Amino acid sequence: MTEDNMRQRLLALTSLAADYCAVCENAGEMEKSEFIDRMLDSLPRLYWEFFDISTDDVVVLEEYDCFSSYVDEDYYESVRRHIESVLGPDDVFLETFEEDMKYSDTPIAASVAESLADIFQPLFNFISVVKDTDGDSIIEAYMQCKEDFVSYWSQTLCNVLRALNHIKYSGV
């Protein structure tokens, strides 16, 4: 893949990530069904793009600086609370992929809002770096976000997608 093609794909991914972040930020202004539909639309596409763009295709220096976080604790909590307020009692789901689950006789509860906020944070950092550097650091920002995807938020995305699917179709 040429560097121009890669930049175009990463710009499209930046747009997708920005849309996800905007939905999370504005969750408090949405109806529950609209919010869930938007998440069910965004999450699989985000997963696919981060899965499909191989780090082998990205031409980058062996070492690159990690960027500082643009999401502080207060901002994270604000996003999480807005999502939690929209979902109400549907915010809680049983987590089956929790590491401690294999040692527990009781189910482990997780929060949809916290899971979505956990995905929001690296995506918001990614789009913020791209915006602040006028796109000059898009590859490095992607590499950092991809590392986070592999390390933790890909599993979080899969788990919360299952929970959102259940909320969407459990009343049918």
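A: Happy to. One term to begin with: buried means under 20% relative accessible area. Also keep in mind that this is a predicted model.

Q: Good. Which residues of H2 are buried, then?

A: In H2 the buried set is Phe 35, Ile 36, Met 39, Ser 42, Leu 43, Leu 46 and Phe 50. They lie on the same side of H2, because their arc around the axis is only 140°.

Q: Why would residues three or four places apart point the same way?

A: An α-helix has 3.6 residues a turn, so residues with that spacing point the same way.

Q: And what covers the buried residues of H2?

A: The cover includes helix H1 (3-25), H3, helix H4 (112-132) and helix H5 (138-169).

Q: How many residues does H2 have, and how far does it reach?

A: H2 runs over residues 32-52, which is 21 residues. From first C-alpha to last it reaches 30 Å, close to the 30 Å expected at 1.5 Å a residue.

Q: Switching to the surface: which residues make the nonpolar patch?

A: Tyr 47, Trp 48 and Phe 51 make a nonpolar surface patch of about 320 Å². Phe 51 belongs to helix H2, and with 49% relative accessibility it counts as partly exposed.

Q: OK, on to H3. What is its span?

A: The end C-alpha atoms of H3 are 21 Å apart, which agrees with the 21 Å that its 15 residues should span at 1.5 Å a residue.

Q: Which residues are buried there?

A: For H3 they are Tyr 76, Val 79, Arg 80, Ile 83, Val 86 and Leu 87. Their arc around the axis is only 125°, so they are on the same side of H3.

Q: And which are exposed on the other side?

A: Glu 73, Asp 74 and Ser 85 are exposed on the other side of H3. As for the buried residues of H3, their cover includes H1, H2 and H4.

Q: Let's zoom in on Leu 87. Where is it?

A: Leu 87 is in helix H3, which covers residues 73-87. Its relative accessibility is 1%, so Leu 87 counts as buried.

Q: What is Leu 87 in contact with, leaving aside neighbours within four places in sequence?

A: With those left aside, Leu 87 is in contact with Lys 32, Phe 35, Ile 36, Val 112 and Ala 113. Phe 35 and Ile 36 are also among the buried residues of H2.

Q: How far is Leu 87 from Ser 33?

A: Their C-alpha atoms are separated by 9.2 Å, while along the chain Leu 87 and Ser 33 are 54 residues apart.

Methods. Residues are numbered from 1 along each chain as its sequence is written. This is a predicted model: local features need pLDDT of at least 70, side-chain atom pairs count only at pLDDT 80 or more; totals for chains, interfaces and linings use all residues. Side-chain values use heavy atoms; hydrogens and water are left out. Helices (H or I, at least four residues) and strands (E, at least two) are DSSP runs, numbered from the N terminus. Buried means under 20% relative accessible area, exposed over 50%, partly exposed in between (1.4 Å probe, protein chains only). Contact means heavy atoms within 4.5 Å. The expected span of a helix is 1.5 Å times one less than its number of residues. The arc is that of the directions from the helix axis to the C-beta atoms. Patches are made of residues with over 30% relative accessible area and no salt bridge: like charges are joined within 9 Å, nonpolar side chains (Val, Leu, Ile, Met, Phe, Trp, Tyr) within 5 Å. Accessible areas come from the Shrake-Rupley method with a 1.4 Å probe; for residues, only the protein chains shown count as cover. A salt bridge is a side-chain nitrogen of Lys or Arg within 4 Å of a carboxyl oxygen of Asp or Glu.
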